[in-house]
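Hi everyone, thanks for coming. Let me put today's structure on the screen, and then I'll walk you through a few of its details.

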Amino acid sequence: MDPIANMFAQIKNSVAVGHKDCLTPFSKIKENILAILKEERYIQDFKVEEKNGKKNIRISHAYGEKEKPAFQDLARVSKPGRRIYSPTDKLPYILNGLGMAIVSTNKGLMTDKRARKEKLGGEIVCKIW
């Protein structure tokens, strides 16, 4: 099982039925991905909650005009069975720059734009548009 892909499925499913938030199990990488999504305004907010000794993350979805979600799709690129790596000059442009990719570099998780600016390549974790 892929916990990041499971988180993305939970987000997409809860947005599809119109929920304001969803709950997913905690991990540091999920927290870092959500921090980037919040910074880029694809989600409204997230909070780490602890209940009965287990940590969860509550994700508040961002909606725009006419209650449309802030993103159309959120997809996992590099999977546990097949890792996708890319050098700086080959980082993908998602929808010609309208979307973004999250890249895991040796300096942490960052957007594809920031990775190009800092001339870093790495594993392409996901893409969102």
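I'll go through the cysteines, then the salt bridges, then a helix pair, and end with a glycine.

A word on the basis before that. This is a predicted model, in which local features need pLDDT of at least 70, side-chain atom pairs count only at pLDDT 80 or more, and totals for chains, interfaces and linings use all residues. Residues are numbered from 1 along each chain as its sequence is written, and side-chain values use heavy atoms, with hydrogens and water left out.

So, cysteines. How many disulfides does the structure hold? The count is 0, where a disulfide means a pair of cysteine sulfur atoms within 2.5 Å.

Next, charges. Side chains of opposite charge can pair when their charged atoms come close. Searching the whole structure gives 9 salt bridges, each being a side-chain nitrogen of Lys or Arg within 4 Å of a carboxyl oxygen of Asp or Glu. One of them links Lys 12 and Asp 73, with 3.4 Å between the closest N and O atoms. Lys 12 belongs to helix α1 (residues 3–16) and Asp 73 to the loop between β3 (54–61) and β4 (74–76), so this pair ties together parts that are 61 residues apart in sequence. Helices here are DSSP runs of H or I with at least four residues, strands are runs of E with at least two, and both are numbered from the N terminus. Lys 12 is partly exposed at 31%, and Asp 73 is partly exposed at 23%.

Arg 114 pairs with Glu 118, the closest N and O atoms being 3.0 Å apart. Arg 114 is partly exposed, at 42% relative accessibility, and so is Glu 118, at 33%. Elsewhere, salt bridges with shared partners join Asp 21, Glu 49 and Arg 58 into one network.

Now look at the helix pair. The axes of α1 and helix α2 (residues 28–39) come within 10 Å and cross at roughly 45°. Axes are lines fitted to C-alpha atoms, for helices over the stretch in contact, and angles run from 0 to 180 degrees between N-to-C directions. At that angle, α1 and α2 are oblique to each other; under 35 degrees would be roughly parallel, over 145 roughly antiparallel, 65 to 115 roughly perpendicular, and the rest is oblique. Which residues meet there? From α1 they include Met 7, Phe 8 and Ile 11, and from α2 they include Ile 33 and Leu 34.

Last stop, Gly 99. Gly 99 sits in the loop between β5 (85–86) and β6 (100–105), and is buried at 2% relative accessibility. Setting aside neighbours within four places in sequence, Gly 99 is in contact with Tyr 42, Ile 94, Ile 128 and Trp 129, contact meaning heavy atoms within 4.5 Å. The C-alpha atoms of Gly 99 and Lys 127 are separated by 7.4 Å, although the two are 28 residues apart along the chain.

Notes
Buried means under 20% relative accessible area, exposed over 50%, partly exposed in between (1.4 Å probe, protein chains only).
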